[in-house]
Amino acid sequence: MSDTSPILSLPYIQPAQAQKHVTHNEALRLLDILVQLVVLSRDQIVPPAVPAAGDCHIVGAAATGPWVGQDRAIAFYEAGGWQFLVPKPGWRAHVLAENRPVVFDTVAGWQDGSNAAFLTLGVGVNATADTTNRLTVAATATLLNHAGAGHQLKINKATVTDTASLLFQTGFSGRAEMGLAGDDAFAIKVSPSGTGFVTALAVEPATGRVQMPQGLTLTGTLTGTAAARLGGLRATRAGTANAITLAYGLSALSAGIQVRFTTTTTNTGATTINLDGLGAIACRTVTGVALPSGYIRTVVETVATYDGTFWVLDRLVENGSNANGTFKRFADGDLVCTSPVFSSQDPTIAAGSIFRTAALGSWTLPATALDANGLVIGGPAGANASTHWVNGRMTSTTNAEFTVFAPASITGRAIRLKSENRWY
């Protein structure tokens with residue numbers, strides 16, 4: 001039988017031992033130190049100059065003097081000298097200098113023990129925690145309070161494609177989720193069954209712009225400048241083609257206000273908007289110039305945003321067509337025209353080692369361009385597309401001419417032209 005206990009190394013009283021009180025008192029002395037162990041510090045490497053009987057310290061790394069070679073040990077002062085106990089894994093002590101508990105680990109040494117029990121086991125409050133839900137609470141409410149100022153609840157994820165969110169459930173089946181789900185755009189998603197989620201709202205992280213992919217239905221009326229910034233102001237139009245007045249009910253303008261209106265009369269040149277009698281303010285295109293004639297369309301809604309100086313008008317792409325082809329007018333002034341198919345373009349006239357059509361072809365553009373310096377490109381249309389090519393050029397703001405070429409004399413060729421220019 002061993003002379004000491006296996007855990008705390010308390011001395012046993014042996015059979016027929018003399019002076020049993022000495023062994024008994026030694027065991028009590030060790031218990032007095034280790035039970036409810038409290039130490040003054042855990043970072044000192046030399047003992048204090050004037051220790052008091054009963055003082056305990058955890059010896060710091062690389063200790064010197066009377067403590068040399070006792071790193072991590074428990075040093076206690078008694079009977080005019082220092083004695084040492086070697087800790088075992090799991091021993092706990094309270095450090096008065098730090099007002100915190102510590103736990104001993106054979107490899108890491110003395111570690112902060114404030115939350116050691118929670119690192120692997122989890123916490124269940126009126127419930128049972130598991131390996132997924134490390135913190136589980138069953139209660140009518142949960143309060144996270146401040147400690148004298150503010151309070152933050154942090155949900156962190158490892159990578160962009162991971163999820164950091166709050167999930168709301170019915171019967172443990174998901175119904176709504178808000179947070180960063182699969183990317184870094186804050187989103188609110190809903191589900192009728194928990195098997196598929198629909199994004200109701202998403203906020204772009206770079207711009208802060210709010211998207212509502214499913215649309216927005218209002219049962220009331222948006223008012224004020226906040227409504228204007230949401231694009232909720234659909235104003236009543238009056239005035240003239242180039243001096244538009246809008247009525248909504250605002251008392252002041254600020255940058256970012258957005259209004260929407262429709263009109264039956266397009267503008268014929270530079271235009272102003274006067275919203276709620278707050279003054280006529282000049283309009284600008286998305287490129288920052290005065291409105292050209294026809295910039296405001298009559299069939300679709302016009303969106304005007306106040307930038308603090310001008311009303312900047314956006315313009316949906318205008319698609320048009322006539323007997324001369326199709327065209328697209330863009331808000332930034334670009335104009336793209338496409339011709340109909342020109343058939344019977346026969347490159348049969350020798351031109352050196354190649355062949356060309358007998359006469360220049362002519363194309364009247366479906367929409368007038370800003371100048372005669374635009375690009376005209378062309379190519380085969382229909383079958384045998386690789387047998388011929390086209391050269392074209394603008395001759396005026398409304399016309400272009402072209403010639404068809406081929407490596408050999410052929411007939412029955414068809415081509416189509418495209419013009420890229422500007423309309424303002």
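Predicted model: local features only at pLDDT ≥ 70, side-chain atom pairs only at ≥ 80, totals over all residues.
Reader: Is Lys88 buried, exposed or partly exposed?

Author: Its relative accessible area is 32%, so Lys88 counts as partly exposed, because that class covers the values between 20% and 50%.

Reader: How far apart are Lys88 and Ala141?

Author: Along the sequence Lys88 and Ala141 are separated by 53 residues, and in space their C-alpha atoms are 41 Å apart.

Reader: You mentioned S4, so which sheet does it belong to, and in what order do the strands come?

Author: S4 belongs to an open sheet of three strands, arranged in the order S2-S3-S4 with antiparallel pairing. Strand S2 (56-58) and strand S4 (81-85) are the edge strands, each of them pairing on one side only. On average, and with direction ignored, neighbouring strands of this sheet are turned by 25° against each other.

Reader: How many bridges pair S3 and S4?

Author: Strand S3, which spans residues 74-78, pairs with S4 over five bridges in the antiparallel sense. Within that pairing, Ala75 has Phe84 in S4 as its bridge partner.

Reader: Changing topic to aromatic rings, how many aromatic pairs are found?

Author: A search of the whole structure gives nine aromatic pairs. In one of them, Trp67 and Trp82 have ring centres 5.2 Å apart and ring planes at 90°, so the pair is edge-to-face. This pair links distant parts of the chain, since Trp67 is in the loop between S2 and S3 while Trp82 is in strand S4, 15 residues apart.

Reader: Are Trp67 and Trp82 buried or exposed?

Author: Trp67 is buried, and Trp82 is buried as well.

Reader: Which residues do ring pairs link into a cluster?

Author: Ring pairs join Trp67, Tyr77 and Trp82 into a cluster.

Reader: What about Trp389 and Phe405, how are those rings arranged?

Author: Trp389 and Phe405 form a stacked pair, with 6.2 Å from centre to centre and 15° between the planes. Trp389 lies in strand S31 (residues 389-394) and Phe405 in strand S32, so the pair ties together parts that are 16 residues apart in sequence.

Reader: And how accessible are Trp389 and Phe405?

Author: Trp389 has a relative accessibility of 36% and therefore counts as partly exposed, whereas Phe405, at 15%, counts as buried.

Reader: Which charged residues sit over rings here?

Author: Arg315 lies over the face of Tyr295, 5.7 Å from the ring centre. Likewise, the charged end of Arg329 sits over the ring of Trp423, at 5.9 Å from its centre.

Reader: On to the inside, which residues touch the most other members of the largest nonpolar core?

Author: That core has 37 residues, and the ones that touch the most other members are Leu246, Ile273, Trp311 and Leu313. Strand S32 (residues 399-406) provides the largest share of the core, three residues.

Reader: What is Ile273 in contact with?

Author: Leaving aside neighbours within four places in sequence, the contacts of Ile273 include Ile244, Leu246, Phe261, Ala304, Trp311 and Leu313. Apart from this core lies another one, of 18 residues, among them Ile58, Leu85, Val95 and Trp110.

Reader: Last topic, strand S12: which residues are on its covered face and which on its uncovered one?

Author: In strand S12 (residues 186-190), Ala187 and Lys189 make up the covered face, while Phe186, Ile188 and Val190 make up the uncovered one. In a regular strand, the side chains alternate between the two faces of the sheet.

Reader: Which strands does S12 pair with?

Author: Strand S11 (residues 173-181) is joined to S12 by four bridges, the two running antiparallel, and Glu177 has Lys189 in S12 as its bridge partner. S11 and S12 form a hairpin with four residues between them, and Gly182 in the turn has a positive phi of about 85°. S12 also pairs with strand S13 (residues 198-203) in the antiparallel sense, over five bridges, and there Phe186 stands opposite Val203 in S13.

Terms used: Residues numbered from 1 in each chain as written. Heavy atoms only, no water. Pairing = 2+ DSSP bridges. Axes fitted to C-alpha atoms, helices over the stretch in contact; angles between N-to-C directions. Core = buried A, V, L, I, M, F, W, Y, C linked by side-chain atoms within 4.5 Å. Buried < 20%, exposed > 50% of the residue type's maximum accessible area, 1.4 Å probe, protein only. Contact = heavy atoms within 4.5 Å. Phe/Tyr/Trp six-rings, centres within 6.5 Å; stacked < 30°, edge-to-face > 60°. Lys NZ or Arg CZ within 6 Å of the ring centre and 35° of its normal.
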